[in-house]
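My entries follow in the order in which I checked things.

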Amino acid sequence: MLRLLLLFLATLDVSLSTDTLKQGEILYVSIGSEEPGLVSFYYRGDPYHLLPFNDRLVAMIGTSYHTNPGRKDVRVVFRQGMSEEVVDTFVQVVDKNFRKSVITLPPSKQRTIDASEKERKQREYEEVVEVLNARSGTYYSLIPEMFPCARKISGTYGDERWTNGRKLWHHSGLDIAVAEGTPILAPCAGVVVMARDTFIRQGTFVILDHGMGLKSLYYHMIEKNVENGDIVKAGDTLGFAGSTGIATGPHLHMGLYVHGVPVDPLFWLERKEPF
Ligand SMILES: [Zn+2]
């Protein structure tokens, strides 16, 4: 892995997985201190919890489709008694150049899609957002051990749809085109924080909380195999692929959230040793 060694003092070393991220990518932070003390981590001025991991402290920071390119400040503070060490650095977020496709939708059809059951869709969307933004519970794992199903990618994070020079939509997750009934497996351990089967857009779906601000979601299943509160390990069957909700055919829509920020699930799935 690319590891940027920022500073090596007697007490503290800070490793960032990269110094340049594309929109939607995850920054993996790993901090080691040779002496006991209190380590605090800040990204863009906001404090983040650190997780003890392999004798170090780690954190994940998400960037998204909406993150403005540019310099993002990173600060690590080490306190021991009266003494304090501060490491200031930064990462650059650069434009991802998301894929654009131009479509033509007859206005009549667009109106039908937008108008039907608008209030219920909004209510359901808000329920999902509330779960995604809620503080993470118990820590299970940050490391994916497998893809949720075969790697038949049909849509990537950030894909844009344009019509008449106007952006209609962008994709907030990863689409995997698998046959109806294909088992959808948990890529890593977690607890089921939402499992529902009647939502208009999402259809039958499951949201997992992996702890430390990491959550993953799985939409459009024909059937779910878990319930709210179930604890799953990597490889457990969450449900079966389908096309429930708003979907043009059987596929899995997977989303990934880091402290409520929608990141690229593929980036996470492909990184085997993040820290
Ligand atoms: Zn999708």
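**Entry 1**

I started with strand β13 (residues 160–163), which is joined to β14 by four bridges, the two strands running antiparallel. The model is a predicted one, and I read every entry here with that in mind. Within this pair I looked up W162 and found K167 of β14 standing opposite.

I then asked in what order the strands of this open sheet come. The order is β11-β13-β14, three strands with mixed pairing. β11 (100–102) and β14 (166–170) are the edge strands, and each has a single partner strand, so one side of each has no neighbour in the sheet. From one strand to the next I noted an average twist of 30°.

Next I went to β8, residues 56–62, and asked how many of its seven residues are buried. Five are, so I logged the strand as mostly covered, taking buried to mean 20 or more other C-beta atoms within 10 Å of a residue's own.

I looked up two pairings for β8. With β4 (residues 26–33) the pairing is antiparallel over six bridges, and L57 in β8 is the bridge partner of I31. With β7 (residues 51–53) the pairing is also antiparallel, over three bridges, and here L51 is bridged to V58 of β8.

β7 and β8 form a hairpin with two residues between the strands.

**Entry 1: the largest nonpolar core**

I asked which members of the largest nonpolar core touch the most other members. They are M60, V206 and Y218, out of 60 residues in that core. Domain 1 (4–94) and domain 2 (100–269) both contribute residues, so the core lies between them. As background, I noted that nonpolar side chains tend to be buried together in soluble globular proteins.

For Y218 I listed the contacts, leaving out residues up to four places away in sequence. The list is P148, I184, F205, V206, L238, G239, L252 and M254.

**Entry 2: the annotated domain**

Last, I checked the record. An unreviewed UniProt entry annotates residues 171–265 as "domain: M23ase beta-sheet core". I computed the make-up of that span as 56% strand and 1% helix. Its end C-alpha atoms lie 12 Å apart.

Key: Residues are numbered from 1 along each chain as its sequence is written. This is a predicted model: local features need pLDDT of at least 70, side-chain atom pairs count only at pLDDT 80 or more; totals for chains, interfaces and linings use all residues. UniProt positions are given in the numbering used here, feature names are shortened, and annotations may be inferred rather than shown by experiment. A nonpolar core is a set of buried Ala, Val, Leu, Ile, Met, Phe, Trp, Tyr and Cys residues joined through C-beta atoms within 7 Å. A residue is buried if 20 or more other C-beta atoms lie within 10 Å of its own, exposed if 12 or fewer, and partly exposed in between; C-beta atoms are placed from the backbone. Domain bounds come from an automatic or database domain assignment. Two residues are in contact if their C-beta atoms, placed from the backbone, lie within 7 Å. Two strands pair if DSSP finds at least two bridges between them. Axes are lines fitted to C-alpha atoms, for helices over the stretch in contact, and angles run from 0 to 180 degrees between N-to-C directions.
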